[in-house]
Amino acid sequence: MINFKNSLLAPFAVLMLAGCGASKNTSYSSLTMIQAPVNVQKKTALKEADLNRWSHLDIVKDTVPGMSVDRAYAELLKDRKSKKVIVGIVDSGVDIEHEDLKAVVWTNKKEIAGNGIDDDKNGYIDDIHGWNFLGDITKENIEYERIVANKNLVDEATYQEAKAVNDKNIAKSTTGKARLEEMIADATNADAVLTKYFGKSTYTKEEVNAISSQDAEINKSKMMIQRVNSFEMTVPEFKTAVQKELDGYIKVVNGDNLKTNYRKVLGDNPEDITDTKYGNNNVMGPDKEEILHGTHVAGIVAQVRNNGIGGDGIANNVEILTVRAVPDGDEYDKDIALGIRYAVDNGAKVINGSFGKSFSPHKQWVYDAIKYAESKDVLIVHAAGNDAKDIDVANNYPNDSDDKINEFADNMITIGALNYEYGNKIVARFSNFGKLNVDVFAPGVKIYASTPNNTYKLLQGTSMASPNVAGVAALIRSYYPKLTAKQVKHILMDSGVAITTDVIVGGKPNDVRPFSTLSKSGKMVNAYNAILMADKMSK
């Protein structure tokens, strides 16, 4: 995006850094920035232990495109003091009882737990660890569905765009419905044929693989059950999983997806930003399994480092403030706007937003919240999205530019996702990109972090790349608290490691482009470099 603040900052920063480099007080004056090696690729597969922390590794020493977090701690931050930083996690909710997170959960010291009184008079009763703007909601509509169901939400042109998306989804669901119905029928028939063949209803994978027959129907059934087995499922489990997906297609075909008002249970008016008294203080929501996403995101930022449990967070001196505002479906603009303001008002200096959508009826509410965060010196880190699209063209909300060219704020940084393979496959096949509207890239494939009920999983998405960057941002703000949100944003971009080679985009081997054209910076975030630059800038 064209931004006068950005274009002025770059030369100013260069002059500032040059002047600081001569200072006798510069701790790291003899150290140089990490640069990407040329034509170096990992020759052997990553071991599990390395895969589970690859985002912390170093592109030179480990030949994987990590953020050099471990190196930053070992060589730059050892024995140094830091200031605690509050990081707002605006997401699906967080398991604040998790063994690797409970020690870093933010507590509102102005509120008395369980007394049913709004002690701090912020409008939210007993908001001890954050606020749940969804109440007991877990499932929600996609925004285009809400627009089609109520065209008064938007102008006619936007309504027609939403209707076109819905019509396309109906056609896709009609085809999908037929395919899945056939799949269930084939699995049922194959199971019956092999049950008769074996003379028993239960048979093993090995027995199926060993079938040798000239009968076409038996061989067809064998192939179908082998397909079922490839998912590590029994036939009943497979049919249940397929039926769940089929039910979703049926709802779309029948139009039932437009009829359910999930929001009704909250009792608020989602079209009124001044109606703020809704939700509750249960930041884990009604079902722990539904907060996998938020718990994973929080873990990437803040899992306790070096405790021998699970994985390590990026930042070592943070507290997680939970804002539950992202359901299974599209978030409401109102919840996001109020959620950002809540996190800001309660001291967050970094806010992570691993969510997004293609339509935003009340985008101005969110824009105003972003500007409010800017006025309070808060950095917002946002995921670029997982549609393998150019968001210089395609809509992706929230953002910091209404026209995709001119930024209205300079405190928001948008993150694309990297794969762990250094080379032409370094960009995650699903990651959105954009020379103007994506700022920088970070690890987002197979990221290991906390999930509900003291578990840990590898997940992927720009949703994982964003908290990796939020963690580095928190690290900078923790060790260099005088730096502003805007300065931290540009440090993250300017200090990154530049990739000067061509890469595959969208997982399509024939779509090869210079990495430098996929984001504004043309770089990937590097914690080691960021600390070096932050140190110089702070002096």
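Reader: Which residues does D268 touch, leaving out those up to four places away in sequence?
Author: D268 touches R263, D275, Y278 and K334. Contact here means heavy atoms within 4.5 Å. The model is a predicted one: local features need pLDDT of at least 70 and side-chain atom pairs count only at pLDDT 80 or more, while totals for chains, interfaces and linings use all residues. Residues are numbered from 1 along each chain as its sequence is written, and side-chain values use heavy atoms, with hydrogens and water left out.

Reader: Why is D268 called buried?
Author: Its relative accessible area is 11%, and buried means under 20%, exposed over 50%, partly exposed in between, for a 1.4 Å probe with protein chains only. D268 therefore counts as buried. D268 is located in the loop between α8 (235-254) and α9 (292-302); helices are DSSP runs of H or I with at least four residues, strands are runs of E with at least two, and both are numbered from the N terminus.

Reader: What makes α9 largely enclosed by the rest of the structure?
Author: Nine of its eleven residues are buried, so the helix is largely enclosed. Those nine are G294, T295, H296, V297, A298, G299, I300, V301 and A302. Their cover includes the strands β1 (85-91), β3, β4 (348-353), β8 (447-451) and β9 (455-459), together with helix α12 (462-479).

Reader: What makes D287, E289, E290 and D328 a negative surface patch?
Author: Asp and Glu count as negative, Lys and Arg as positive, with His and the chain ends not counted. A patch takes residues with over 30% relative accessible area and no salt bridge, joining like charges within 9 Å and nonpolar side chains (Val, Leu, Ile, Met, Phe, Trp, Tyr) within 5 Å. The place of a charge is NZ of Lys, CZ of Arg, CG of Asp or CD of Glu, and accessible areas come from the Shrake-Rupley method. D287, E289, E290 and D328 form a patch by this rule. D328 has a relative accessible area of 43% and is partly exposed; it sits in the loop between β3 (318-324) and α10 (333-345).

Reader: How do you know that K288 and D95 form a salt bridge?
Author: A salt bridge is a side-chain nitrogen of Lys or Arg within 4 Å of a carboxyl oxygen of Asp or Glu. For K288 and D95 the N to O distance is 3.4 Å, and the pair qualifies. K288 is in the loop between α8 and α9 and D95 in the loop between β1 and β2 (130-132), so the bridge ties together parts 193 residues apart in sequence. K288, at 23%, is partly exposed, whereas D95, at 1%, is buried.

Reader: What makes E181 and K177 a salt bridge?
Author: Their closest N and O atoms are 3.0 Å apart. The two residues are four apart in helix α5 (residues 156-198), which means a separation of about one helical turn. An α-helix has 3.6 residues a turn, so residues three or four places apart point the same way. E181 is partly exposed at 35%, and K177 is partly exposed at 25%.

Reader: What distance puts D377 and K349 in a salt bridge?
Author: The closest N and O atoms are 3.9 Å apart. D377 is in the loop between α11 (363-375) and β5, and K349 is in strand β4, so the pair ties together parts 28 residues apart in sequence.

Reader: Which residues are linked in a network of salt bridges, and how many bridges are counted?
Author: E140, E143, R146, D333 and K357 are linked in a network. The count of salt bridges comes to 32.

Reader: What omega goes with the cis peptide bond from Y397 to P398?
Author: Omega is near -5° for that bond. P398 lies in the loop between β5 and β6.

Technical notes
Accessible areas come from the Shrake-Rupley method with a 1.4 Å probe; for residues, only the protein chains shown count as cover.
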